[in-house]
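Dear colleague,

Please find below the structure that I am handing over to you. My notes on what was found in it follow directly after.

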Amino acid sequence: MIKMISMFPKKFGLFPYIFLVYLLFPIYFLTKETGIKQLTGYGMLVLFLFTYCKLFHLIEKKSFSFWLAVQLAIVFIFSIFYDLNYLFLGFFPANFVGWYSSKKMFKFGFIGLVIVEIAPFIYQLMTNPRLSAVDIIYVIPFIIIMLISPFGIRSMNRRMELEQELEKANEKIEELVKREERVRIARDLHDTLGHTLSLLTLKSQLVQKLVKVDIERAKLEAKEMEDTSRAALKQVRELVTDMRAITIAEELLHAQRILRAAGITYHYEGDSSFSNISPFIQNIMGMCMREAVTNIVKHSRSSHCKVKIVQMADMIKITMKDDGIGIDEKKLYGNGLKGIEERLTLIDGVLVLSNSNGTAVQITVPIIKKVDREEGAIG
């Protein structure tokens, strides 16, 4: 049994062994022959079996066509000099003709199959008086099937190749997604920690000044530093463990706390509910807002910040305006602004910066409308 399994590549499974059943028919017909013709027939049948095994190991190799030609020649000789029923051996080479990936080789293989099947049939029809109409009608449908089968097998193999290519492509995409996710996590961690560490730096500088003139105020600032560091640790844990999405409402509260802690007054104008915006879009916009707030705290030297959110039917617009020193156009893509643009690209968002008594950061994102499931569509 172990030797039988080694006859064919394992990837083909039981298929090659099932096909061996069809060799019982020529063995049966050879029992009716005698003498040298019978011995020659058994010899050719053994060679046929050898080519059958060989071809499974030589697919896509140069010698594949040689052994296929040998197999076709054996079918031809059997069908001409022995019996018309040997044409049924054509199912074997018909299968292998379909394995050609090259159109040119498939064409040559198919022409060879047509000759091997049609020429003996015509020859027997013209020279064998023992053939009856029943025999002819019986053989014709199988010849047609044999001539069609290479196309079906080639189509099936092509489909399998495409599925394998698709699987490889999906694996590649999955790897790229994982890589992008790792980059995103690293960026989010950087943004979260960078934002908090900047705040703690400002706080620590303030505490150093206050400890000499107002010890009670210094204690309060130190307590806020502790609370801020604990909040940052919690955010990092959430980001790493379950990547909890940030909502716009949560980020507004966070921005208010951070700005006021940095001594920047805060004013908000706009809606309080963002339920019609998907969590994915809210998460990206929230991270963009966080980066913008970080820039205001670190670089603007402002004393006031106004945040305005306008929701329209087809878009949402967030404007964050400070009264600081403005943005240096030479450093337009520094200070985390490139990261904001990269995030907005994922949701077809637009970032617009302007200088007018400070810096205005405007983020515009299209809204994909939600439609009730009962309506059966999503707008």
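In which helix does Thr51 lie? Thr51 belongs to helix H4 (residues 35-57); helices here are DSSP runs of H or I with at least four residues, strands are runs of E with at least two, and both are numbered from the N terminus. Please note that this is a predicted model, in which local features need pLDDT of at least 70 and side-chain atom pairs count only at pLDDT 80 or more, while totals for chains, interfaces and linings use all residues. Residues are numbered from 1 along each chain as its sequence is written, and side-chain values use heavy atoms, with hydrogens and water left out.

Thr51 has a relative accessible area of 0% and is therefore buried (buried means under 20% relative accessible area, exposed over 50%, and partly exposed in between, with a 1.4 Å probe and protein chains only). Apart from neighbours within four places in sequence, Thr51 is in contact (heavy atoms within 4.5 Å) with Trp67, Val70 and Gln71.

Overall composition

The protein has twelve helices and five strands. Of its 379 residues, 39% are buried. Among contacts between residues at least 6 apart in sequence, 69% join residues at least 24 apart. The protein exposes about 22,800 Å², of which carbon and sulfur atoms supply 63%; accessible areas come from the Shrake-Rupley method with a 1.4 Å probe, and for residues only the protein chains shown count as cover.

Aromatic pairs

Rings of Phe, Tyr and Trp (its six-membered ring) pair if their centres lie within 6.5 Å; planes under 30 degrees apart count as stacked, over 60 as edge-to-face and the rest as tilted. By this rule the count comes to 22 aromatic pairs. One of them is edge-to-face because the ring centres of Phe19 and Phe92 are 5.2 Å apart and the planes stand at 80°. This pair links distant parts of the chain, with Phe19 in helix H2 (residues 15-19) and Phe92 in helix H6 (residues 91-97), 73 residues apart. Both Phe19 and Phe92 are buried.

Phe106 and Phe151 also form an edge-to-face pair, at 5.2 Å centre to centre and 75° between the planes. Because Phe106 lies in helix H7 (residues 103-127) and Phe151 in helix H8 (residues 133-213), the pair ties together parts that are 45 residues apart in sequence. Phe106 is buried at 8% relative accessibility, whereas Phe151 is partly exposed at 44%. The charged end of Arg154 sits over the ring of Phe106, 4.9 Å from its centre (the criterion is NZ of Lys or CZ of Arg within 6 Å of the ring centre and within 35 degrees of the ring normal).

Ring pairs also link Phe19, Tyr22, Phe48, Tyr52, Phe56, Phe64, Phe92, Phe96 and Tyr100 into a cluster.

Backbone

Most residues other than glycine have a negative phi. Arg301, in the loop between helix H11 (279-300) and strand S2 (304-311), has a positive phi near 55°. Arg301 is exposed, at 72% relative accessibility. Asp348, in the loop between helix H12 (337-346) and strand S4 (350-355), likewise has a positive phi, of about 60°. Asp348 is exposed, with a relative accessible area of 60%.

With kind regards
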